[in-house]
Amino acid sequence: MRTENRHFDNPLTGVRNLGILAHVDAGKTTVTERILYVTGATYKRGEVHDGTTVTDFDSQERDRGITIFAAAVSCDWDGHRINVIDTPGHVDFADEVERSLRVLDGAIAVFDAVAGVEPQSESVWRQADRHGVPRIAFVNKLDRTGADLDRAVESIRARLHTVPLVVQLPIGQEDGFTGVVDLLRMRSLVWSDGCDTFEDGPVPQDVQDEARRRRRLLEEAVAELHPIALEEFCAQSTVSAQTLAAALRDLTLAGDALVVLCGSAYRNRGIEPLLDAAVAYLPSPLDVPAVRGTVDGSEQERAADPTEPFAALVFKVNATATGRLTYLRVYSGTISRGEAVLDVQARRTERVGRILRVQADRHAEVDRAVAGDIVAVVGVKAARTGATLCAPAAPLILEPPTVADPVVSVAVEARRSIDTDRLVSALARLVEEDPSLRVRTDRETGQTVLSGMGELHLEVAAEKMRRAHGLDVSVGRPQVAYRETVSRGVSGLVYRHVKQDGGAGQFAHVVLDAQPLDAAESDGGSSSAVDFVFASSVVGGRVPAEYVRAVEAGCRDALAEGPLGGNPVTGLRVTLTDGATHPKDSSEMAFRTAGRLALREALRACAMVLLEPVAEVTATVPEDAVGGVLGDLAARRGRISGSTTRAGTAVITATVPLAELFGYASRLRSRTQGRGTFTSRATGYAPVPSGVLSAMPSR
């Protein structure tokens, strides 16, 4: 453990806000546990299989052996304060990752040395790309049978389209893995069994040639990307360790390359150099651009400075029966306990009762928090995830994290009628904590419907109601969220809205074209696609601009329910081509009504297609079970996209409708005698085949 008290001209230089990102079972939580252990934040190694980890503190996480909720912890290393968020790796909890990435400055991406880049590794990588979060990589589990650093690095290059720069060479293979060679310092770091520290020594004789070769490759790769390194390389035919380190930091912050380290977190090998790399290459709050927000419609910047007006973003809420914890990333200014803050969106002033330094489910009270801190506060009663808290005299609205649309729904009800009110309260608390959950009442059946990101997501929510709220609830069979789109549109649809019932009337005349979006604009209803485009080609002022906006609002209202089954409509372009007004009876309300009713009529005249959510499934099964698994996937309307063999197992990739994946885990286990596993990743929407559509119950 390093305990040097380093002096920084600006204390924020010594702060790192980092996330741990990976596919499920790549070893994220174990990496986090070893970071806490090595830095002295904990005095005993927590193990996932024993249910003793700090960050997986929820009873469901310990029972299932996976991370479900993002957990924040803090530690100190080499004079730096490191705030770490351990994020979930399962696709159903991708929204937890999204909210965490919104407030992080950097990240450590963890990869399995045997599997390399896995489906959810790719998904969280793209999420980090969208947020512009600099990353370094840690190839974990080098002690496993079949571990191969070079193969894992090549999968990073091929699938993530980045430039991996490997700065370590493993010493030993698989069970014989004992340490690494630091290619910058050309020194070996060797860990002994049962010893928590490493020996720093010369490079072993048997790997010297390979170490020199890889150091040369690293110098050449860095010189190609960094002008100062290139200048030194051309002048001296080599690059010094100091220049390499500075260049690696510049390339990491710019996102032009990926520093790759390796080790085995379970055996506590490779964690110290990983921490060194995190403080050396990943950004402090001063290295990232100033946060931008809006004030009265105009954009404004706030620097990461404790003397600036206070501004913080709520990225997580934990509502319990004994109190409410609101997790904040402080972007500027200083907040002390007892001070008032403004919830800008709610236009409500709240008072901060206590400020807590977070260590998963344990907390230490502090007097204040400054720019760059990640803390929890008590006393803020109404702020939701994504809310901005700021100084009342200097309001600012920060961009909130995006929330994905749910894809799976279940009906929930209390088994005892006397628990109905408690169920409503429990659901409200669930939605408050997790914005990716939605609750609605079905208009036809009167049932309460809970919607989320997947089957496991809803299972966890239902189990939380049972455990945390003591409710006995029954849960219906999952239903997926269908959408509708246009395959053949209509042009020149005329709609006239006239209403006269005494007093001022309503008059609006509109002419619409409704057409499907081009493939370049819409991508099958994926979460990143454009769902709706509205345009106006009206000339001569026949429809004033304010009425055009009202027509657009009415069209958006109509998108909520399509003609096939009342599902949301996506992938549509509407053009207002003509219209007429009345000098007295026309109004924005009249044109909004006309827009809504006109588009409903247009959709009934269009050729519509029902879309269903689909997922990319990666199944890892024994070779002798491949035939049965392929047949089962085909029966589930799966389209096989790839199959590879590795170390006696087959890895099958297929695209399968989400509706066909319910219960697939049990089916796969039975077909493979418990040896098969699978992961899934939502990829968007696809048309429902006509044969399946005709067999579906009427909606």
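Reader: How do the axes of α6 and helix α7 (residues 227-236) cross, and within what distance do they come?

Author: In this predicted model, local features need pLDDT of at least 70, side-chain atom pairs count only at pLDDT 80 or more, and totals for chains, interfaces and linings use all residues. Residues are numbered from 1 along each chain as its sequence is written, and side-chain values use heavy atoms, with hydrogens and water left out. The axes of α6 and α7 come within 6 Å and cross at roughly 125°.

Reader: Why are α6 and α7 called oblique to each other?

Author: Angles under 35 degrees count as roughly parallel, over 145 as roughly antiparallel, 65 to 115 as roughly perpendicular and the rest as oblique. The crossing is at roughly 125°, and α6 and α7 are therefore oblique.

Reader: Why are α6 and α8 oblique to each other?

Author: The axes of helix α6 (residues 208-225) and helix α8 (residues 241-254) cross at roughly 50°; α6 and α8 are therefore oblique.

Reader: Which residues make the contact of α6 with α8?

Author: Contact means heavy atoms within 4.5 Å. Arg215, Leu218, Glu219, Val222 and Leu225 of α6 meet Ala241, Leu244, Ala247, Leu248 and Leu251 of α8.

Reader: What makes a nonpolar core, and which residues touch the most other members of the largest?

Author: A nonpolar core is a set of buried (under 20% relative accessible area, 1.4 Å probe, protein chains only) Ala, Val, Leu, Ile, Met, Phe, Trp, Tyr and Cys residues joined through side-chain atoms within 4.5 Å. Among the 51 residues of the largest core, Ile108, Ile136 and Val222 touch the most other members. Helix α9 (residues 271-281) gives the largest share, seven residues.

Notes. Axes are lines fitted to C-alpha atoms, for helices over the stretch in contact, and angles run from 0 to 180 degrees between N-to-C directions. Helices (H or I, at least four residues) and strands (E, at least two) are DSSP runs, numbered from the N terminus. Buried means under 20% relative accessible area, exposed over 50%, partly exposed in between (1.4 Å probe, protein chains only).
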